[in-house]
Amino acid sequence: MSASLKGSNSSKFQVSEFILMGLPGIHSWQHWLSLPLALLYLSAIGANILILVTICQDPALQQPMYSFLGILSVVDMGLATTIMPKILAIFWFDAKVISLPECFAQIYAIHCFVGMESGIFLCMAFDRYIAICRPLHYPSIVTKALILRATVFMVLRNGFLSLTVPVLAAQRNYCSRNEIEHCLCSNLGVTSLACDDRRPNSICQLVLAWLVMGSDLGLIILSYILILRSVLKLNSAEAVSKALSTCSSHLILILFFYTVVVVISATHLAETKVPLVPVLLNVLHNIIPPSLNPMVYALRTKELRAGFQKVFCLSLEKKTRHQRPSP
């Protein structure tokens, strides 16, 4: 009788907060990782702000390709800021407690920004396809209106579809454990604490991943197959080299982004005996692309490097003018 009453009470109890334990297996020295993570975060914010300022101030960069790059910079800063302040607070101030609404909001923001990043990569692949395969029609197809419509579509698509993940997670019954072996609120990590069936959440995340990122990746691959076929028909080796160089930085970022997504999914499905691996990969996947994207484009894009130089020269001229004593 008492046992059944105890079971009934525990089933009705609902936890009011989660505790983010940090990186599993290395709790005692995980704070040492805060320095490289903080540097990655600061570099991501600084580099993406620099790209936005450069694109806005340099008339030579007022092109669709750089408009998409500017949108990607905004998404990258949003993604990094969604997770890094809380992770650093855990490592530095032991601020492990997070309320259920805050946790579900973080789940939503992560899915939304990752989906938007995937969508922007698709827009950039379409831009390169039109530029290389339909160069004469490029100005009439890739217009400011198209960029605006594509951006609004990506925001609405990921904004609405991503809602299903935290909404389903909030429907679960969290009646006993509230310690998450993670340093951010991941959908699978949170729902693993549920006392009831979490299969709808896993199925929803799988379907959403295939629907959004799977379709984006399929269309990106198709775009580059068509680009490669068109490039191979060119008779000039110089033209081939120039066409491929305009796509190289984009391809590097796409390969890194989707490869890590596949690895994270595989480690979760395999239920690896080393839980640190998928957790660490999950964190790095949300902070390395925002840091890596500006560096790759800065190193591989001549026009962007020239834009940086103009911005720095302009700022130095203004500083010199202010420091010059008035007559």
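The questions below concern a predicted model.

Q: What makes up the protein, in helices and strands?
A: The protein has twelve helices and three strands. Of its 327 residues, 44% count as buried.

Q: How do you know what share of the contacts joins residues at least 24 apart?
A: Take contacts between residues at least 6 apart in sequence. Among these, 79% join residues at least 24 apart. A contact here means heavy atoms within 4.5 Å.

Q: How do you know how the span of helix α2 compares with the expected one?
A: Helix α2 covers residues 34-57, which is 24 residues. The expected span is 1.5 Å times one less than the number of residues. That gives 34 Å for α2, and the helix reaches 34 Å from its first C-alpha to its last. The span is therefore close to the expected value.

Q: Which residues of α2 are buried?
A: The buried residues of α2 include Leu-37, Ala-38, Tyr-41, Ala-44, Asn-48, Ile-51 and Ile-55. Ser-34, Ala-47 and Thr-54 are buried too. In general, an α-helix has 3.6 residues a turn, so residues three or four places apart point the same way.

Q: Why is the pair of Phe-18 and Tyr-174 called edge-to-face?
A: The centres of Phe-18 and Tyr-174 are 5.3 Å apart, and the angle between the planes is 85 degrees. The cut-offs are within 6.5 Å for a pair and over 60 degrees for edge-to-face. Phe-18 lies in strand β1 (residues 17-20) and Tyr-174 in the loop between α7 (164-171) and β3 (179-180), so the pair ties together parts that are 156 residues apart in sequence.

Q: Why is the pair of Phe-104 and Tyr-174 called tilted?
A: Here the planes are 40 degrees apart, with 6.4 Å centre to centre. Stacked needs under 30 degrees and edge-to-face needs over 60, so this pair counts as tilted. Phe-104 sits in helix α4 (residues 100-133) and Tyr-174 in the loop between α7 and β3, so this pair links parts 70 residues apart in sequence. Phe-18, Phe-104 and Tyr-174 form one aromatic cluster.

Q: What makes Phe-104 and Tyr-174 count as buried or exposed?
A: Buried means under 20% relative accessible area. Phe-104 has 12%, so Phe-104 is buried. Tyr-174 has 1%, so Tyr-174 is buried. Phe-18 is buried as well.

Q: What makes the phi of Asp-94 worth a look?
A: Most residues other than glycine have a negative phi. Asp-94 is not a glycine, yet has a positive phi of about 60 degrees. Asp-94 lies in the loop between α3 and β2 (97-99). The exposed label needs over 50%; Asp-94 has 53% relative accessibility, so Asp-94 counts as exposed.

Q: Is Gly-70 buried or exposed, and which residues does Gly-70 touch?
A: Gly-70, in helix α3, has 8% relative accessibility, so Gly-70 counts as buried. Not counting residues up to four places away in sequence, Gly-70 touches Leu-52 and Ile-55.

Q: Is Ser-223 buried or exposed?
A: Ser-223 lies in helix α9 (residues 199-232). Its relative accessibility is 11%, so Ser-223 counts as buried. Leaving aside neighbours within four places in sequence, Ser-223 is in contact with Ala-125 and Tyr-129.

Q: How many cavities of 30 Å³ or more are found, and what lines the largest cavity?
A: The search finds one cavity of 30 Å³ or more. About 40 Å³ of space lies in the largest cavity. Its lining includes Met-65, Arg-128, Thr-246 and His-250. The largest share, three residues, comes from α4.

Q: Which element gives the most to the lining of the second largest pocket?
A: That element is α10, with five residues. The second largest pocket holds about 500 Å³ of space. Of its 18 lining residues, the closest to the centre are Met-65, Arg-128, Lys-242, Thr-246 and Glu-303.

Terms used: Residues are numbered from 1 along each chain as its sequence is written. This is a predicted model: local features need pLDDT of at least 70, side-chain atom pairs count only at pLDDT 80 or more; totals for chains, interfaces and linings use all residues. Side-chain values use heavy atoms; hydrogens and water are left out. Helices (H or I, at least four residues) and strands (E, at least two) are DSSP runs, numbered from the N terminus. Buried means under 20% relative accessible area, exposed over 50%, partly exposed in between (1.4 Å probe, protein chains only). Rings of Phe, Tyr and Trp (its six-membered ring) pair if their centres lie within 6.5 Å; planes under 30 degrees apart count as stacked, over 60 as edge-to-face and the rest as tilted. On a 1 Å grid over the protein atoms alone, a cavity is a set of points where a 1.4 Å probe fits but cannot get out, and a pocket is an open set with protein on both sides within 12 Å along at least five of seven lines; lining residues have an atom within 4 Å of a point. Grid points are joined across faces, edges and corners, and a volume is the space filled by probe spheres set on the points.
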